[in-house]
Amino acid sequence: MFSNDLHRDIEAVLLTEEQIQRRIAELGAQISADYAGKELHLIGVLRGAVMFLADLMRHLTIPCSCDFIAIASYGMDTKSSGVVRILKDLDDSIQGKHVLIVEDIVDTGLTLNYILNLIRSRNPASVRVCALLDKPERRIVPVEIHYLGFTIPNRFVVGYGLDYAQKYRNLPYIGILRPEIYGGV
Ligand code: PRP
Ligand code: 7HP
């Protein structure tokens, strides 16, 4: 069924392309309704959120713009280092804008907590979070997710933007990576 070589490293498909796309359409409709009459500024967290932001944006019916921020937190490992730093800052001012942070996954919450504090310090009109995946079992810092695609179990997942060692982002679905690939259990 899957001709992609990367598929051999996948233990199981957790979310199919169809499930992901259906849920994104629902999120887009919800966000468009909630922000009706307003303009929305999407902030994508590089690199994992690129595909999600691109698909989500196409389901928004309100005027919107986008910018990107890059944060380092994982490196080559599957575990959070706890170290979060800016690799690429926003290009545009967010003062007075309605900001929606777009993340692929919230795991420990360290990355999102850092980004939320940074964004709030720059005086936007409002800030909300839209995340495709939430892995609540791994949370270290509590963070509020206003728009969520799916809650997932505590397994390392790849695909649809999510990587291991920069690979697998191009899989169209989200799959559980075989633990032997990353030396996990
Ligand atoms: C991943 C993911 C989130 C973050 C979530 O990014 O895209 O930004 O980790 O983890 P946390 O909740 O434990 O902080 P990563 O640092 O792997 O970079 P990437 O998006 O370039 O893959
Ligand atoms: C980050 C991350 N990246 C890819 N897959 C996962 O399961 C992840 N959790 N946190």
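Biologist: Which residues come nearest to ligand 1?

Modeller: This is a predicted model, in which local features need pLDDT of at least 70 and side-chain atom pairs count only at pLDDT 80 or more, while totals for chains, interfaces and linings use all residues. Residues are numbered from 1 along each chain as its sequence is written, chains are lettered from A and ligands numbered from 1 in the order in which they are written, and side-chain values use heavy atoms, with hydrogens and water left out. Counting a residue as near if one of its heavy atoms lies within 4 Å, there are 16 residues around ligand 1, and those that come nearest are Glu103, Asp104, Thr108, Gly109 and Thr111.

Biologist: Which element gives the most residues to the shell around ligand 1?

Modeller: Helices (H or I, at least four residues) and strands (E, at least two) are taken as DSSP runs, numbered from the N terminus. On that basis β5 (98-106) and α3 (110-120) each supply at least two residues of the shell. The element that gives the most, with four residues, is β5.

Biologist: How much of the area of ligand 1 does the protein bury?

Modeller: Polar contacts are pairs of N or O atoms within 3.5 Å; within protein, one must be able to donate a hydrogen and the other to accept it, and residues adjacent in sequence count only if both atoms are side-chain atoms. Oxygen atoms of ligand 1 lie 2.5 Å from a polar side-chain atom of Thr108, 3.0 Å from a polar side-chain atom of Arg169 and 2.9 Å from a polar backbone atom of Arg47. By the Shrake-Rupley method with a 1.4 Å probe, where for residues only the protein chains shown count as cover, ligand 1 taken alone exposes 490 Å², of which the protein buries 90%.

Biologist: What is the omega of the peptide bond from Leu46 to Arg47?

Modeller: Arg47 has its place in the loop between β2 and α2 (50-57). Most peptide bonds are trans. The bond from Leu46 to Arg47, however, is cis, with omega near -5 degrees.

Biologist: In β6, which residue is the bridge partner of Glu103?

Modeller: Strands count as paired if DSSP finds at least two bridges between them, and an open sheet of six strands, with mixed pairing, has the order β4-β3-β2-β5-β6-β7. Its edge strands, each pairing on one side only, are β4 (85-88) and β7 (147-151). Within this sheet β5 and β6 (residues 126-134) run parallel and are joined by eight bridges. In β6, the bridge partner of Glu103 is Ala131.

Biologist: What angle does the direction of α3 make with that of β5?

Modeller: Taking contact as heavy atoms within 4.5 Å, α3 packs on the sheet and touches β2 (40-46), β3 (64-72), β4, β5 and β6. Axes are lines fitted to C-alpha atoms, for helices over the stretch in contact, and angles run from 0 to 180 degrees between N-to-C directions. The angle between the directions of α3 and β5 is about 170 degrees.

Biologist: What is the phi of Asn123?

Modeller: Asn123 has its place in the loop between α3 and β6. Most residues other than glycine have a negative phi. Although Asn123 is not a glycine, its phi is positive, at about 55 degrees.
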